[in-house]
Amino acid sequence: MAAYVIRRFLQALAVMIVVAFASFLLFNFVGDPIDNMVGQEATRVDREAMRDSLGLNDPVAVQFGRFIVNLLRGEFGISYGLQRPVAALIGERLPATLELVFVSTIFALLLGIPLGVFTGIRRDAWSSRLILTLSLLGVSLPTFVVGILLIYVFAVTLGLLPSFGRGEVMDLAYWSTGLLTVSGWKAIILPAITLSLFQVTLILRLIRSAMLEVMRTDYIKFARARGLSERVINYGHALKNTLVPVITVIGLNIGTLVAFSIVTETVFQWPGMGFLFIQAVGFADVPIMASYLLLVALFFVGLNFVVDILYLVVDPRLRKQHIAAIGKRG
Amino acid sequence: MKWLQRQANPYRWTGDWSQLLDGDLAYSFGRSPATVVAAGVTLIFFIAAVFAPWVAPHDPFDIATLDLNDAFLPPVWQGETGSWTYPLGTDGQGRDVLSTIVYATRISLTVGVLAVLLAAVLGGGLGLLAGYVGGWFDALVMRLADIQLTIPAILAALMIDGIARLVLPAGDQDVLAIYVLILAIGISEWPGYARVIRGVVMAESGKDYVSAARVIGIHPVSIMLRHILPNVMGPMLVLASIGLALAIIAEATLSFLGVGVPPTTPSLGTLIRVGDDFLFSGEWWILLFPAFALVALVLAVNVLGDWMRDALDPKLR
Amino acid sequence: MALLELQNVRVEIPLRRQTLVALDDVSLHVEEGEVLGVVGESGAGKSLTVDAIIGLVEPPGRITHGEVLLAGRRIDNLPDEALQRIRGAQIGVVFQDPMSSLNPLYSIGYQLVQTIRAHLDVDLAAARRRAIELLAEVGIPDPDRRLSFYPHQFSGGMRQRVVIALALCAGPRVIIADEPTTALDVSTQAQILDLLRRLSRQHRTAVVLISHDMGVIAEMADRVAVMYAGRIVETGAVQTLIDRPQHPYTQGLMSSIPRIDQDVDRLAQVDGAMPRLADIPAGCAFHPRCPKFFDRCRRERPDLRPAGFSHEAACWLFDTPNANE
């Protein structure tokens, strides 16, 4: 088991290094960083001097090394457009994004899992069919449309909830949270629902189809034949066995979560990383783009690592090393 | 040899297809009203897209016909200024909303269909090679597929767009934008097709007729195609329909974000972006009708895809 | 009075284009302490009979006719909660494949304790003790430590023992074993059969043993029922059924088994194959393959009637007024 964990960790590290290199290339070679930092009037000589002083004429390996060291020290460069250190921008924006993602995911799990179990068990009830139809609608509604429609209904027509911003925010050490104020919650509801919709649909369908398969298995039949109650079978035996495929697919969809969080933040002008990124793309602000790439990769790799650990927790077959060894022999 | 074979049984292909039509597929299609409606809606959209100049009551891009006095007119059933000339109202420049929707559908569907085609050809080709050659190439392709699956189209397109903006001269950007878009979306969908074709190729290459073909001197792949294609049609169609829905959504999202199609050739996503500006000022029709059109189109395609998947899945029969 | 009895049970499966009759007029009974063997080819309906007994026929299939009686009381028409109490507590079932019968994500101790506490009102510690007792009784060494093991940590034979322990948890009066040894190697087979026989003798448990392997049946059963195309075609005491089969199908079955004391050049076989559920012929289901069939077999379906050596056979050959040839 320890070998499994270490292996996964090293793989994660390898991915991060590759992405860091891609980010590095972006930073230093796409467009000309010098052009972006000095005005038009600077002479050739001045530019060369600048290149030298910034170390841009050193061999690539040296530059890359410096890049990594800077990263680890928390220096992500200076935004072209906003003329501020990217690290500071990240510090301001990251909590907003993380809170949004967190709230929407909790909401999606609370809604998606029971619905998925229900439609998996009672596949022929009319309520199941209704829920499935609604989920089809959910898949067909692009996230930005959902956001806009929610704004239209709740902000424009009913005037109940704000259509942009985070509301009042409280600062705790390095983290600014909107979850401790009423206006903060009011502001987060609509974006969270928007972001959670595709997750609910995904989780619901996943769990449903996994339940349908699990309910056909011999061990469920045997559990019934032993006289265990339906509740124990559905939520004990069946649900636990759906977790492995569900965790897998959720792991695969982390990228989608990131993408849609960008969209949601844009629709609601939510001051998070995604919104920052979109603005950066518009201005070709490479430092922000490259840093965002790194962060997303980190998030991605980190979550996948958590997923791998979760496998160990859920499926005992992965835990014992000698089982893996037996598998190789057989 | 192949020519002779086909002569001997000229109905070989029709035999397969008519079997398909007579069987469970047609049966379940007729039984489900939702699917029939969905098919109809999809057809309407496609026709509108292809025959846009004839279907749309106005040409929204002909500046000569635009009259700013006609701007911001509400739909026909609202207010005294609504009229049948502009059944769904007009936008800020006096363009007929219905016509813009028709032309925008053309763009949305073009990008979507081309992206799916690219994905199918790319994925199918890679899958065919991977299944046939096997070995390290197969492992490589599968690994690439795994990596590709984790990167959603939207993220990839965003990065590509950002870089393109930097690297390409300003003038070319608009022209290339659509191709970049199709490329980004198409590439994000190839793994599905690759897996399907690879699986069937691998299953078939072990069979005796392949070795027999080699002995006779015919290239096994040409013989395999006859056996592979019928097996592959079903799953590919399902992938294509669901993929089309995803591609349309991806393009709409990117256009909404401002990094999709250029504003000169607006898609449904662009229209929604434009309409968003008028959300608070009361001209709701500029936003809601394009949004409704987008949802209707995607929903119809999804329903068709869902039905196809259920009808073709042997496990669910 | 029989401990477990099926009377004229009929199971239908309504499909899109037709309704299949998967079990047709099936009647069986087993006494306390007796081992009833049920033989038949794959697809003859043996497993479906098990499903019908415990009320787990998978929809859209359902019991449309007949009764299932446990100690004289009907159980097929009971509501689900009542059936739950009977399953496991009165009737225990062992299925064929031990690997797929056990939930791979839970330890066997968890699954045992859960089943015990579902039927017996005991606390956790008492349930654990009982679980250890059961494991010891089915012959698992070092049961105390093994409680926390997971199914994949056992070998095939050990797993089947665990399955049997699970089936025995609440002390059922009837055990139904559906091909319990088919997935195991021969020596393990013998051990499992020994175990079943010992348990049956010790606890006076009735056993319904389903198999397509006549060797297993010959060794274990007291009486045998032969199934064909969803129907019972013959029942009788095991020895006479093997030595003196009455129904032509049973005769075909027995003669196709090579015997160690005979010198044969060719194995006898019955031509043709058992019909699929959608294509069951009218009249006697076996008549197209029967070497002794006559006109009546085509038109009328025979029910079980007394035949030689205290057997019952579903064959017109045994219609007393019309005994022919």
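This is a predicted model: local features need pLDDT of at least 70, side-chain atom pairs count only at pLDDT 80 or more; totals for chains, interfaces and linings use all residues.
**Notebook: three chains, one interface at a time**

I began with the chain pairs: of the 2 pairs of chains in contact, chains A and B share the most contacts. Contact here means that the C-beta atoms of two residues, placed from the backbone, lie within 7 Å. Residues are numbered from 1 along each chain as its sequence is written, and chains are lettered from A and ligands numbered from 1 in the order in which they are written.

**Entry: the A/B interface**

I looked up both sides and found 35 residues of chain B in contact with 28 residues of chain A. Which helices of chain B each supply at least two residues to the side that touches chain A? I noted α7 (135-150), α8 (153-167), α12 (220-257), α13 (268-276) and α14 (285-312). Helices (H or I, at least four residues) and strands (E, at least two) are DSSP runs numbered from the N terminus. α8(B) brings the largest share of this side, 10 residues. Sorted by class, the side of chain B that touches chain A has 26 nonpolar, 5 polar and 4 charged residues. For the classes, Ala, Val, Leu, Ile, Met, Phe, Trp, Tyr, Cys and Pro count as nonpolar, Asp, Glu, Lys and Arg as charged, and the others, Gly among them, as polar.

**Entry: chain B itself**

I counted 14 helices and 0 strands in chain B. Of its 317 residues, 42% are buried, that is, with 20 or more other C-beta atoms within 10 Å of their own C-beta, placed from the backbone (exposed is 12 or fewer, partly exposed in between). Among contacts in chain B with a separation of 6 or more, 69% are between residues 24 or more positions apart.

Next I picked one helix pair. The axes of α6 (residues 97-133) of chain B and α7(B) come within 7 Å and cross at roughly 145°. Axes are lines fitted to C-alpha atoms, for helices over the stretch in contact, with angles from 0 to 180 degrees between N-to-C directions. From α6(B), L126(B), L129(B), A130(B) and V133(B) meet G135(B), F137(B), D138(B), V141(B) and M142(B) of α7(B). That contact has 7 nonpolar, 1 polar and 1 charged residues.

**Entry: the sheet in chain C**

I found an open sheet of 4 strands in chain C, ordered β2-β1-β4-β5 with antiparallel pairing. Strands pair if DSSP finds at least two bridges between them. Why is one side of β2(C) and of β5(C) left without a neighbour in the sheet? β2 (19-30) and β5 (73-74) of chain C stand at the edges with a single partner strand each, so one side of each has no neighbour there.

β1(C) and β2(C) pair over 8 antiparallel bridges and form a hairpin with 4 residues between them. I checked V11(C), which stands opposite L23(C) in β2(C). β4 (residues 62-70) of chain C is joined to β5(C) by 2 bridges, also antiparallel, and L70(C) stands opposite R73(C) in β5(C). Helix α1 (residues 46-54) of chain C packs on the sheet, touching β1 (4-14), β2 and β4 of chain C, and its direction makes about 70° with that of β2(C).
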